[in-house]
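Colleague: I have the model open and want to go through it with you. Can you show it here, and then I will ask things as they come up?

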Amino acid sequence: MTTAEAGPTPQVGAARSRKEDARLITGRTMWTENITLPGMLHLAILRSPMAHARITHLDVGPALEAPGVIAAFSGRDVADVQGSMPCAWPVTEDTVVPDYPPLAVDEVRHTGEPVAVVAARDRASAMDALEAIEVDYEPLPVVLGMEEALAENAPLVHGDQGTNKCYTWTFDSVQAGTGGDVAAAEADAEVVVKRRYTQQRLIPAFMEPRSVVVDPTGDQITMWSATQIPHILRLMLAMVTGIPEHKVRVVAPDVGGGFGGKLQVTPEEFIAFVAAQRTGRPVKYTESRSDTMMSGHHGRDQIQDVTLSARRDGTVTGLSIRLLANMGAYLGIVTPGVPILGAFMYNAIYKFPAYRFECTGVFTNTTKTDAYRGAGRPEATFAIERAMDELAAELDMDPIELRRRNWIKHEEFPFTTVATLTYDSGNYEAATDRAMELFGYDALRREQAERRRSGDRVQLGIGVSTYTEMCGLAPSRVLGSLRYGAGGWENASVRVLPTGKVEVITGTSPHGQSHETAWSQIAADQLGVAFEDVEVLHGDTRTSPKGLDTYGSRSLAVGGAALVHACERVVEKARPIAAHLLECDPADLEFTDGAFRVRGTPEAAKTIADCSLAVFTSHDLPEGVEPSLDSDATYDPANFSFPHGTHLCATEVDTETGRVRIRSYVAVDDVGRVVNPTIVEGQLHGGIAQGIAQALYEEASYDNDGNLLTGSFVDYLVPGAPDLPHMVTDRTETPAPDHPLGAKGVGEAGTIASTPAVVNAIVDALRPYGVTDVPMPCMPERVWRAIRDAREGAPEGSERS
Amino acid sequence: MIPAQFEYARPSSVQEAVRALAEAGEDAKVLAGGQSLIPMLRMRLAVPSTVIDLGGVSDMRGVRDDGDALAIGAMTTYADVIRDPMVREHAPLVVQATETVADRQVRHMGTFGGALAHADPAGDMPSVALALDMMFDIEGPGGRRAVPAGEFFVDYFTSALSPDEILVSVRVPKLPGWGTHYEKFNRVAQAWAIVGVAAAVRRSGDTIEKARIALTNMGPTPVRARGVEEALAGAPATAEALASAAARADEGTAPTGDVSASSEYRSYLATVLTRRAVAAAAGIPQDG
Amino acid sequence: MSRISLKVDGVRYDDDVDPRTLLVHHLREHLGKVGTVVGCDTTNCGACTVLMGGKSVKSCTVLAAQADGQEIETVEGLAGKDGSLHPVQQAFHDSHALQCGYCTPGMIMAAVDLLAENPEPTDDEVREGLEGNLCRCTGYQNIVRAVQDAAAVMRAEVPAPRDAGTEPMEGTRGTTSPAAEEVAR
């Protein structure tokens, strides 16, 4: 690695503003929906209004008669060619993986499920024609709740499977050899905290609705899609439809957010693929917001039973988790695996000596769940951080003190946890101390005491969340051991052009994460070229043939390492050429300050650009040297990386109405070494906002018939600017020892950390009333009810004076 | 989402508009600012044969001094209502409530009359109209008639307007000497009110002389909190008297439940918000 | 069909449109102004915000026919002919007020509208003023900062110097501890 002192300004670590912005702030963006091709048809999809029904009659004939319509077909019409939507993560040998036709054939299992499609010359005609399609449904019994679905004689989502259970996956530290028995711990415990938490269903709500364009007219069928995963999508299209992989090209152009919601291969992509092939014409489908809310995948939706055993001094002796995870009606690309990612995180930053986790996946007549920012880890962090606060209350101990007594000390890293992971590095003490200082912890505690004493209508609460997460998905071997269908490596390649400009090709696929900027910073440092002289190419299987895309805070942690290695190879390829130009021995050269210099005579230097021109002409290269400076590298991480941090939240709760106001929010995160602090801070802001949204505002809910009650932004409350607090963010920096840049990953940290901080603060405000929980989202009525119920059932003395 | 097809007419006078509406028949819809209608058209929850756009009727815009009242043209946008010096002076409650409606963009297009004619009980304007006892000037084939706010709101999204009539303007009494306040409670800034309370109170020294209170989203129409009004009339302007009066806020209401609040909570909230609204309107200090 | 005439970003267009055509679809599909985007169907997200007659509107909730005779300004018309960015655009860039960028055209137009009415807003007024625009990436914090910085520039004041960045044009965040400054705010 270069350590520049007098050379070019180091880019890694600098607060560069973004390359991406130029097109985004001027409206010159290539969203999928902006693409128009000659002869293109517009698709409209008819969706099921029923949560569970048999399709007894479906005739698209009348739609074909409608003005402008070129084609229309149902699931039955394409049953032989449409294939079944893939699930890449059956977590156990006996995981039930039901057939999942893109267009329903005989039966619909959730509202919004596609049943027929119309292709027309314009979008309005396609929508109009939907109304002409004849379809009759015979209602079948609906099952929505997980416990109800597991009950005997429950209606079956998939009658042919004989059960609504998808799988049960367990981990036990006794069997793993990493710890003791939780039952014994509970039996011996001085204090046991048992709690049930519900992770409500959330909608990812990326701002750009999904859109797909398919052009079947070339030798390669090309699909543009608003996706996080162009590479995986291409592979799945090939595997599901039987079209040879090399005959498919997938492009993710500018993509407007994902948050896991576009970590999916969707029925709509497959329907468009089939429609393009059937019509022989380019087609476009862009969903409406209501479509995406109704039938795009949702996140969370788990019921968590937590048992924490402890001694009275605060030492936790065992943790047991029983989880129900709602799969929805079908399995998406990683649906079953999402809660399993959480399995490794319930023990969090603590040295728990015994741990057991059991998760049962359940089918219901709801749209499928899948990854949403954090995917498993926010749920786990919420449960443990809430339970730790409950234990602290039980022990009448400061919640931070309780955490200190249990967490891994900084000198104990690397630390192998009871859940088998080896945490690479961290300093929980430093982050917590800094957070408390910024927050003014002691002063707020004093104010809280004063408000309690005076019986203030508005009570103050302080919420603590100390979290870690595993990011950088993922070591391929670990994924294999968890029965995931792919590896976790990432690829990068570097092309040095004759003029010394550089193209970086990455297999990651950004949709807001600023890879074009950050990757330029990395390559600039590694190659000694200017930041402006690097172009980052991504998201097109034609230019970026190899990659595993962007999710799980993996892009920098895995893809960034691949890029460093690819750059290092370029430098090594340039070395003999530079030596030749400098007429010296390659061994006498060092690459410092962006150029090759002869040790001891730093004034004689050759840059990568000098070498690239020599390579281009190739008139005078040393014997046996290949005329190329291009290289690529594929990096498979040996371990996850483990960012961590301490988030503190102060809430004011109006005890009369139940309204919650976040008064202050402090986040001190340690995400390892930082490539661009501005981008990191932005990721934290957005992540924290989404976590707050889960705590206070958002919930996807169904009525008893399985109709989504929150099918638009009118009822599904994504917070606006007035609904979110100003956040104070800071960092500590503990480098990742296994990463060439020391970087960890930041995409999900804010979301993982913030939700329990907020809810802990609300409950903390209301402890004097006897409140021990408020279900999420903590909307005013729920807070009000919690106070009222606690008062009604409360023992004497818990009433405010 | 794209609306179903419709015919479109853009009259330039009230008379033309009434004629166009008569010609278009029962399936026609009147488009004012469109901020409620167009989303319904897009979702195809409304499928009119003809849309009569009043955007070209310039004499339906603007605010006029009408003696004891202000006459606000039905096509005056929210934004223009908020900015209008006469409204600011004589009807601060209208300004305060209008500022809470939706967002800037919607307030630039949405109209005062459109919001009232839409008769959404969750909208903020109807309860304000009720509390201020506004008078609705309506024109139809049979000529002009005036309907008081108390008779204008009939049911969910149903007003006293016949299908062939148009709301032309609304007269807002000036109420000198009254204090007013609009108390809105919603879950996020953009959201509709869970409950809203529009209060107009006249004090005489330490006594509340008269109070007019109307509730948003507490039933199929905006509703007057008559019980509270009765209790407040002649009551001392004290926190205690107010609290006991406000406890009657849910009398005669029929709130529904939805994902954001149950009917029970709405009923409770109405009492709390009524207390707060009257306190603010009447300048009665509250504890805590 | 309705005959309509619009001036969009300084260019006049005369077209026959189906009356049901939404302004945003007219802009995108007939006039090629794809910089303005659609994010929802319930007038909540504000991604489609443009200025009509100088005032912000949600172009998904305006019929093209309603806009007849109006002057429309979209994000594509904000920058100068020489490519110089509008202060709000520049501030969004400088303050990292966008990530995926999908809400950005509408957010920028809403901010331009807000500052035209209130050139010196408080942070709370900025937040309230942008309540009609949803962003899922930024948590709004840097958007608020960008609007404040743009306001300062537009008031022809020199923006307060911030921590040194790598170059004066782009200087944004300090590299280590912005927090102290934030606490002070």
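Colleague: Which residues touch the most other members of the largest nonpolar core?
Modeller: In this predicted model, they are A:Leu43, A:Val118, A:Ile762 and B:Val278, in a core of 424 residues. A nonpolar core here is a set of buried Ala, Val, Leu, Ile, Met, Phe, Trp, Tyr and Cys residues joined through C-beta atoms within 7 Å. Buried means that 20 or more other C-beta atoms lie within 10 Å of the residue's own; exposed means 12 or fewer, partly exposed is in between, and C-beta atoms are placed from the backbone.

Colleague: Which helix gives the most to this core?
Modeller: Helix H17 of chain A, residues 555–582, with 15 residues. Helices (H or I, at least four residues) and strands (E, at least two) are DSSP runs, numbered from the N terminus.

Colleague: How are the numbers and letters assigned, and what gets counted?
Modeller: Residues are numbered from 1 along each chain as its sequence is written, while chains are lettered from A and ligands numbered from 1 in the order in which they are written. The model is predicted, so local features need pLDDT of at least 70 and side-chain atom pairs count only at pLDDT 80 or more, but totals for chains, interfaces and linings use all residues.

Colleague: Back to B:Val278. What is B:Val278 in contact with, leaving aside neighbours within four places in sequence?
Modeller: B:Ala199, B:Val201, B:Ala211, B:Ile213, B:Leu232, B:Leu242 and B:Ala246. Contact means that the C-beta atoms of two residues, placed from the backbone, lie within 7 Å.

Colleague: And B:Pro236, where is that?
Modeller: B:Pro236 is in the loop between helix H10 (226–232) and helix H11 (239–246) of chain B. Apart from neighbours within four places in sequence, B:Pro236 contacts B:Asp206, B:Thr207 and B:Ala241. Its C-alpha atom is 9.4 Å from that of B:Arg203, which is 33 residues away along the chain.

Colleague: Why does B:Pro236 count as partly exposed?
Modeller: Because B:Pro236 has 14 C-beta neighbours inside 10 Å.

Colleague: How is chain B divided into domains?
Modeller: Into domain 1 (7–56), domain 2 (60–173) and domain 3 (178–282). The bounds come from an automatic or database domain assignment.

Colleague: How many residues link domain 1 of chain B with domain 2 of chain B?
Modeller: 13 residues of domain 1 of chain B are in contact with 20 residues of domain 2 of chain B. On the domain 1 side, helix H1 of chain B (residues 14–24) gives the most, five residues. That side divides into eight nonpolar, four polar and one charged. Ala, Val, Leu, Ile, Met, Phe, Trp, Tyr, Cys and Pro count as nonpolar, Asp, Glu, Lys and Arg as charged, and the others, Gly among them, as polar.

Colleague: How many bridges join E2(B) to E3(B)?
Modeller: Four, with E3(B) covering residues 50–53. B:Lys29 stands opposite B:Val51 in E3(B).

Colleague: Now chain A. Why is strand E3 of chain A largely enclosed by the rest of the structure?
Modeller: Because five of the six residues of E3(A), residues 69–74, are buried. Five bridges join E3(A) to strand E5 (residues 114–120) of chain A, and the two run antiparallel. A:Phe73 has A:Val117 in E5(A) as its bridge partner.

Colleague: Last topic, chain C. What does chain C contain?
Modeller: Six helices and five strands. Of its 185 residues, 61% count as buried.

Colleague: How many residues of chain A touch chain C?
Modeller: 54 residues of chain A are in contact with 54 residues of chain C. On the chain A side, H19(A) gives the most, nine residues.

Colleague: And chain C with chain B?
Modeller: 24 residues of chain C contact 25 residues of chain B. The largest share of the chain C side, four residues, comes from E4(C).

Terms used
Pairing = 2+ DSSP bridges.
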